[in-house]
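Keep it short and grouped by topic.

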Amino acid sequence: MLKCENLCKSYGGISAVSGVNLYIKQGESVGLIGSNGAGKTSLFNLLAGFEKPDKGEIFLIRGGEKTKLNGLPPHARIKFGIGRTFQNLRLFKDMSVHENILAGALGNGQNPDCCLHLLEELGLFPLKDAKAGSLPYGSRKTVEIARSLASGAKLLLLDEPAAGLSETEALYLAGKLKKLRQEKNLTLLLIEHNMDFICGLCDRLYAMDSGRIVAEGRPRSVLHSPAVIDTVFGGAPYVFA
Amino acid sequence: MKNKNSRKAFRNIAPVCLTAGIAALVFGRGAYGAQLVCRMLISASMAAGLDIFAGLGQLSLGHAVFAAAGAYSCALISARTAGSSGIAAGLAAGTAAAVLLALVSGFALLKLRGDYLALASLGLCETGRVFMENTDFIGGAAGLYGIPKFAGPLNTFVLFCFCATVCAVFNGSKSGFISRVVAQDEEAASSIGIDVRRVKIAAFTLSACITALAGGFYGGIFGFISPRDFGCARSVDMLLAVIVGGAGTVGGPMLAAMLTEAFFAFFPSAAEPRMIIYALALIFLTIARRRRVAENGL
């Protein structure tokens with residue numbers, strides 16, 4: 001569904017993303033791991049159109065048709081079904097939950113009727129009139145995902161969806177995402193530091209360090225690879241909970 | 001949702017229209033009273049115009065230039081074409097000139113936001129003033145005379161109600177909702193498919209259009225306009241009304257503009273140090289609303 005070839009991005013001479021090749025198949029759930037500053041969010045910004053790559057190409061492949069996404073701004077990428085959430089939540093905090101989701105639908109010309117259905121599906125219906133800024137952190141994360149889905153996202157880029165959530169909340173969110181993925185045939189690309197969460201949700205992982213992909217494959221094999229143990233876990237192998 | 005927003009928008013303007021109507025009836029007698037009412041209602045209409053753009057969370061200090069475009073175009077045409085058709089043609093031409101100016105300037109200005117946009121728009125305002133002062137065709141620094149005095153309490157009240165209604169309809173519409181979304185967070189809005197730049201240019205243009213229409217009426221009060229009427233002080237007047245009245249509320253800025261105009265009419269000695277009074281008012285407002293300012297900006 002999405003393919004990147006030799007993607008590069010530097011900020012003032014510091015290379016944030018360097019020669020990244022990545023592909024995601026339709027319906028797949030792919031995780032992106034790495035220590036802080038590895039270049040994960042920079043890569044997300046390139047994929048979502050918030051930054052322009054210095055070099056390399058991003059393609060969307062649908063039904064054998066290859067569309068080049070380079071140069072398309074974020075609002076144009078959502079027309080191709082690429083939606084995102086943010087590491088630091090960016091809800092319209094003075095608006096109600098319903099209005100946030102409605103904004104997603106209206107922003108991309110979707111049918112506003114889908115909002116009520118999404119509210120129910122994600123368990124947000126009782127909160128629909130509450131101001132988004134007043135919600136607990138876990139609910140705000142769900143609202144951001146719902147808003148992106150309302151805008152018609154088919155490939156969802158989730159930036160640390162489980163960050164700041166309790167173990168129970170993270171489990172609940174993982175369950176919801178699995179269900180949504182099946183029901184809506186979603187493709188997921190997520191950045192996460194919670195390895196149990198990401199391993200429970202993803203089919204494949206990419207590990208990044210210093211802007212480069214250092215490992216790729218099935219979650220457990222990536223987590224046990226020497227490069228990941230060295231760069232992500234500081235030399236000690238990861239022990240699952 | 002649309003009906004709820006529309007009802008809220010109309011609830012906001014109804015009391016202000018009523019107040020304006022009462023003010024027009026009470027003060028609109030006699031030459032001075034009629035002029036005062038016209039000035040109050042025209043200032044309020046200009047503030048309503050700026051409020052559409054301010055509702056996007058952006059501040060402009062250049063809107064006086066749109067009022068000038070409306071005023072000068074209307075003055076030039078209505079002075080040469082007798083009767084109401086000349087005035088109508090002048091108002092239409094003024095609005096069209098402002099739309100054109102907003103589209104051209106907006107294309108460059110709206111790449112900026114926040115303080116940078118406010119400063120760049122101030123540059124637009126100053127450019128307009130220098131242009132007016134140095135163009136003989138429009139009277140230069142001496143201004144334009146011989147404009148038909150068509151503005152009276154009744155037609156400026158109609159203008160006031162028209163501007164208020166346009167703003168209320170806009171606020172209650174899908175476009176108004178999208179504008180509020182953009183005001184909350186531009187990047188998040190962009191991530192859900194909103195073309196933020198297009199929304200800004202559209203709101204800027206509509207805002208300029210209303211300001212220019214009100215500007216067109218301004219020349220019809222005294223039969224004379226000069227670059228002094230459309231300098232930075234005019235932009236500051238409008239902006240202060242929007243900040244005091246509450247950006248994006250329509251009714252608030254209109255009421256604030258009317259009260260400011262009335263205040264300086266009843267206390268003319270305060271008109272000279274008005275910039276000191278504005279500065280003090282802004283400091284007071286910032287202190288009074290410090291929590292809100294800290295969280296959301298002005």
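How do the residues of the lining of the second largest pocket divide into nonpolar, polar and charged? They divide into nine nonpolar, eight polar and 13 charged. This is a predicted model, in which local features need pLDDT of at least 70, side-chain atom pairs count only at pLDDT 80 or more, and totals for chains, interfaces and linings use all residues; side-chain values use heavy atoms, with hydrogens and water left out. Residues are numbered from 1 along each chain as its sequence is written, while chains are lettered from A and ligands numbered from 1 in the order in which they are written.

**Second largest pocket**
- The second largest pocket has a volume of about 680 Å³.
- Of its 30 lining residues, Phe50(A), Pro74(A), Arg113(B), Glu187(B) and Ser190(B) are the closest to its centre.
- Chain A supplies at least two lining residues from each of helix H1 (40–48) and helix H2 (74–77), and chain B does likewise from each of helix H8 (186–191) and H9.
- A pocket is an open set of points on a 1 Å grid over the protein atoms alone, with protein on both sides within 12 Å along at least five of seven lines; a cavity is a set where a 1.4 Å probe fits but cannot get out; lining residues have an atom within 4 Å of a point.
- Grid points are joined across faces, edges and corners, and a volume is the space filled by probe spheres set on the points.
- Nonpolar means Ala, Val, Leu, Ile, Met, Phe, Trp, Tyr, Cys and Pro; charged means Asp, Glu, Lys and Arg; the others, Gly among them, are polar.

**Cavities**
- The structure holds four cavities of 30 Å³ or more.
- The largest cavity has about 90 Å³ of space.
- Its lining has five nonpolar, two polar and four charged residues.
- Among the lining residues are Ser43(B), Arg234(B), Asp237(B), Glu261(B) and Phe264(B).
- Helices H2 (31–54), H10 (232–245) and H11 (251–266) of chain B each supply at least two residues of that lining.

**Helix H9 of chain B**
- Helices are DSSP runs (H or I, at least four residues), numbered from the N terminus.
- Of the 27 residues of H9(B), 21 are buried (under 20% relative accessible area; exposed is over 50%, partly exposed in between, with a 1.4 Å probe and protein chains only).

**Aromatic pairs**
- The whole structure has 11 aromatic pairs over all chains.
- The rings of Tyr218(B) and Phe222(B) form an edge-to-face pair, with centres 6.4 Å apart and planes at 70 degrees.
- Rings of Phe, Tyr and Trp (its six-membered ring) pair if their centres lie within 6.5 Å; planes under 30 degrees apart are stacked, over 60 edge-to-face, the rest tilted.
- Both residues, Tyr218(B) and Phe222(B), lie in H9 of chain B, four residues apart.
- Tyr218(B) is buried at 8%, whereas Phe222(B) is partly exposed at 30%.
- Tyr218(B) also pairs edge-to-face with Phe230(B), at 5.6 Å and 70 degrees.
- Phe230(B) is buried, at 0% relative accessibility.
- Ring pairs link Tyr72(B), Tyr218(B), Phe222(B) and Phe230(B) into a cluster.
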